[in-house]
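Dear colleague,

Please find below the structure I wish to hand over to you, with its sequence. My findings follow it.

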Amino acid sequence: GPALLALGEAERAEASYREALRLDPAYVDGQINLANLLAKRGDLDVALDYYRSAVAAEPRRIEAHLGLATALFNSDHAPEALTHIAMAIQLDPRSAAARNLSGLAHRRCQKYAEAVAQSRVAVALAPEETSYRENLAVALVKTRRPECCDEAITIFRAILEQDPDRLDSLLGIGSALVQNQQPLASLPYLERALAVGGKQIEALVNCAVPLTYAGRFEEALRYCEEAITAAPDDCLVLTHRGTVREC
């Protein structure tokens, strides 16, 4: 199964995992491997069943807890995910992946101080992981504390020096600069995010926000209308367009 998966043959890998589990339904490695494949494909409900079986069979298996926590997080069950993340951290306090996921789950639960604390540990354990630094910066912005926002901007700038087209950092520094009372300074980053492509709705709305703060309502409205064209039923876009029109 893993060999086939490494060759890009996911269907044959899945067949191998299922055959292994037919031969031994209690085989935990088979459960975890199949669950990982299903989760990556987006079959989260089925993946959750296999992860839960693996956790029940081997409750001290960190891969099972992390896999289950990740699938729960991606299924919008962050509070339950935190339970299994805590187990993973208890089993291996130096797991950078567990600490990073803990930061993400705490952020999803709007527990921003805890998110920052866990993300800091993840970065300390794996400073080369750009996504971990990015997640820390986003959590810092969410605290809405000026000193945290300054630190986030510094982190985003360092990431963008290495990768000028990194979309999440472009969007992140744009939001951080708006929150830091520098709306016009955010525009070059947000416009770059639009040029890079991906997450277009978020980028369009984020461009409208600093223009609204700066009193450039017609320009802000143009971005909102473009976002509405792309996503006519998006509540956030509709709300911001209404705010701009009210101004």
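In this predicted model, I begin with helix H15, in which Val 237, His 240, Arg 241 and Val 244 are buried. Seen down the axis of H15, the buried residues fall within an arc of 105°, so they line one face of the helix. An α-helix has 3.6 residues a turn, so residues three or four places apart point the same way. The face of H15 turned away from the buried side carries the exposed residues Cys 235, Thr 239 and Glu 246. H13 and helix H14 (217-230) are among what covers the buried residues of H15.

At the N-terminal end, H15 is capped by Asp 234, a side-chain oxygen of which lies 3.0 Å from the backbone nitrogen of Leu 236.

Within H13 (residues 200-213) lies Asn 206. Asn 206 has a relative accessible area of 13% and is therefore buried, the cut-off being under 20%. Beyond its neighbours within four places in sequence, Asn 206 is in contact with Leu 171, Ser 175 and Leu 190.

The largest nonpolar core has 43 residues, of which Leu 140 and Tyr 223 touch the most other members. Among the elements that give two or more residues to this core are H13, H14 and H15. H10 gives the most, with eight residues. A second, separate core of 34 residues includes Leu 38, Leu 44, Leu 66 and Ala 105.

Yours sincerely

Note on methods:
Residues are numbered from 1 along each chain as its sequence is written. This is a predicted model: local features need pLDDT of at least 70, side-chain atom pairs count only at pLDDT 80 or more; totals for chains, interfaces and linings use all residues. Side-chain values use heavy atoms; hydrogens and water are left out. Helices (H or I, at least four residues) and strands (E, at least two) are DSSP runs, numbered from the N terminus. Buried means under 20% relative accessible area, exposed over 50%, partly exposed in between (1.4 Å probe, protein chains only). Contact means heavy atoms within 4.5 Å. The arc is that of the directions from the helix axis to the C-beta atoms. A polar contact is a pair of N or O atoms within 3.5 Å; within protein, one must be able to donate a hydrogen and the other to accept it, and residues adjacent in sequence count only if both atoms are side-chain atoms. A nonpolar core is a set of buried Ala, Val, Leu, Ile, Met, Phe, Trp, Tyr and Cys residues joined through side-chain atoms within 4.5 Å.
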